[in-house]
Each structure stands twice: as C-alpha cells, then as structure tokens.
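Welcome! Take a moment to look over the sequence and the model before you try the exercises.

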Amino acid sequence: MAQLRQEVDPEEAGLDAKALDRLDQHFAHYVDDGRLPGFLMAVARGGRVARLTTHGHRDRAAGLPVEPDTLWRIYSMTKPVTAVAALILVEEGRLSLDDPLDRYLPAFANPRVYESGSGSEVRTRPADGPILIRHLLTHTSGLTFGFYYSHPVDALYRAARLESSVPPGADLAETMDVYASLPLQFEPGTQWNYSVASNVLGRVVEVVSGQPLDAFYAERIFRPLGMTDAGFHIVPEQADRLSELYGETEDGGIEPIPGLPLRGRPRFLSGSGGMVATAYDYHRFAEMLRRGGELDGTRVLSRESVALMTRNHLPGGVDMRTFGAPAHQEPGNEGVGFGFGVSVVIDPERTVAPTGLGTYGWSGVATTTFWVDPGRDLTVQFMTQVRPKTLKVFPELKRLVHEAIVE
C-alpha cells in the first residue's frame, strides 16, 4: 500500500529540525487540549518529504490513531483537481477558456443579474454577456453559495434548497438546472465570489469528455499519478482508515458530526468538494503541479498550463479582498490573488502570514490545506477533520513552517 514517508533529514533539505519540532509541539497542544482530534503534517523540499508528523486520533471514540495512510475528506481541495481536469480538455482542444458556458450547458443561456430587492421582490436584468469557462475557474462567474448571509441572491439559493450546494437527492446534471434558474449576484467577470462554480465546471467536464466525473478523474489524473486511494467514495477495505469528522462546539471543543456520504458511490459527484484522499495521494497531486505538470515520467499537463493555472487572473493584478463580493470583504485575503482553482500570493508583504511570492494552494472546510512555494521549492500539507467555527490554524501553520526554512 502506498503511503507517505519521510525521505530526507530536515537539515539536508535546508530546514531547521528544532523549528520543525516546535511546529509539531504547537499542534500537538491543539490535540491535547481537545481542539483537534489529531493531524498529519508533511513538509517537503525538492519533492522529498523532510518532516512527516502524525499525532492524535482519526477516531477518538474508537481510539484509532492518525497514521500515514489515513483517509481524509478534503472538501474544497477537490477544486484544484477539477481545474486540472478542465485544463486537460483545454489542452486537447475540446474546451476553450473563452467558450460560453451555455455551449455545454444550455440552461445557462441568457443569464440574468441581480439588480435590487429581496425575496419575492428581487428584480433582475439581462446580463451584459455570458458566463465563460474562465469565469468558473476563477470564481468570477456571479454564482454564489447558499450559506453566505451577505446578499439577497444567497437567500434565493437557500430558498431553492441549496444550503449544501445541492438539492436533496439530485445528481450533478439536475443540480445545474437549479443553479441556472437563479440570478447571478453580479455581472460575470466583475467580482470574485467563492461559489458553486467548481460544481458547474465538473459538469462541463462530464459533458465534454462523455464520462462521469469520477471516471474521468480516475482515468486522467488519479491512475496516472498513482493516487491509489483518491476518489469520491471508499470501498469496504478502506473503511477502517477513514477519519471521523468533527465539528467545533460552542465551548471550543469538538464532537462527531455527519460528513460526506462516502460509503457507496454518491449520486452527486461534487467537483467543488466531493473527494476523499490520503496525504500520499495529495502529495502526488501537489508534486505534479510543483514539477510543472509531470511526475515520475508521466505528464498530466503541459508546463505552460500549470503556469497559467498558478498565476493571478483577477483583473489589474488585484487581490481577492479588493475584487471580492460582499461575502469576502473581511480581512484575510490581502496580498492574495486567484488563479484557476488555487489562490496565488501576489504581495507577500501584505499577507496575514509569512509566505513567498507566487505561492499557490487551497484549503478544505474540514481544516485541510496544501500549498506549493515555487521560490523555496517547498510543498506543505496539513490534514485533520474539524469543521471550525472559530478555530484558525492556517496562519500559525504558515508562520511556523516559514520559521523552519534555513536556505
């Protein structure tokens, strides 16, 4: 069974072992005081893992420890995989970044944009132009999420039973019709709003390729990269390796909560957040990106496509907060732009935690994250399973990793 292993001593990789010890101890305290059940953390340079830490439990009640082969719900870390899937089709000439969405999903023809009002009094107008494929990749489509409470269109999503982004019992194709029936929050291409766009992009991949989303990912991404456990569901032999999912309680503790329905192939294949994977799986994916689209002699994307994916596409080179819709006006996105399915650091002096120019990555709602720092030849991932309310570990993680870099 493939699993992540430490491959080199920290000093040989230009990392301070004592600083990495402090990093381990910092998050071990989170486990010891009950804020995290357990975690896996991997720090690699030049593709070689220089620190692999597992601590705590994947299932507290059963007393099962976190191990290198533990399976994690990676939620929104699915989005970069969906972006890669779309770019594979772009490279093959079967899809173009500037194609209108309705060429593949006719329900999105003639979109309407919110103008004023709320609830049944919402007024809309015809959009000036279509949603383009690049708008889906950059979250500038005008689509939104139902769990935001910052705009009247968010409320329309909730009224359409889209609190969790999918109507109960619907598949990916059926869900597209619901999305398309709702107004856009803004004119496509004019703001950044994290949204259901990756689900829409996943459906585009299905239509263009003629394959179900899970089959396309398995054939074109997972098997070529040796991502042996990655998928949209688990089989019985994997079940005992799956981490329990926890939610943060009001007093700062954690308790088990329902997660993705992974035991059996789901009816809804979410290109936005449906994947499960091991740390080994996602390390393989991140390494493919770090190496410019190739890994161990297998090329998934061209170097040019990876460069395109991992540069800022927000107009005028601005960051996500500057270009953000109302839901994203809070501090936290300063100095960070957005590429295709990944965030991209454009001004390290303005970010909330130390990081390098051009660093790209993304996170999941269960407190999973990864990033690649090309300037430092650094790849980092952190896996746990807590849906937070106030818990924020990523700035501390980035600061402590940064402090471990010697050269």
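This is a predicted model: local features need pLDDT of at least 70, side-chain atom pairs count only at pLDDT 80 or more; totals for chains, interfaces and linings use all residues.

Residues are numbered from 1 along each chain as its sequence is written, and side-chain values use heavy atoms, leaving out hydrogens and water.

**Exercise 1.** Find Thr 355 and decide: is Thr 355 buried or exposed?

*Solution.* Start with the loop between β13 (343-345) and β14 (360-364), where Thr 355 lies. Next, take its relative accessibility of 15%: Thr 355 counts as buried, since buried means under 20% relative accessible area with a 1.4 Å probe, protein chains only. Finally, list the neighbours: leaving aside residues up to four places away in sequence, Thr 355 touches Val 345, Pro 348, Arg 376 and His 402 (contact means heavy atoms within 4.5 Å).

**Exercise 2.** Work out which residues of helix α10 are buried.

*Solution.* Go along residues 394-404: Leu 397, Leu 400, Val 401 and Ala 404 of α10 are buried. These residues cover an arc of only 100 degrees around the axis, which puts them on the same side of α10. Then look at what covers them: α1 (17-32), β1 (38-45), β15 (368-373) and β16 (378-383) are included.

**Exercise 3.** Describe how helices α2 and α8 cross.

*Solution.* First, locate α2 (residues 78-91) and α8 (residues 279-290), whose axes come within 12 Å and cross at roughly 50 degrees. Then name the handedness: α2 passes α8 in a left-handed crossing. Last, pick out the contact, made by Pro 80, Val 81 and Val 84 of α2 and Tyr 282, Phe 285, Met 288 and Leu 289 of α8.

Technical notes: Helices (H or I, at least four residues) and strands (E, at least two) are DSSP runs, numbered from the N terminus. Buried means under 20% relative accessible area, exposed over 50%, partly exposed in between (1.4 Å probe, protein chains only). The arc is that of the directions from the helix axis to the C-beta atoms. Axes are lines fitted to C-alpha atoms, for helices over the stretch in contact, and angles run from 0 to 180 degrees between N-to-C directions. A crossing is left-handed if the near helix is turned anticlockwise from the far one by less than a right angle, and right-handed if clockwise.
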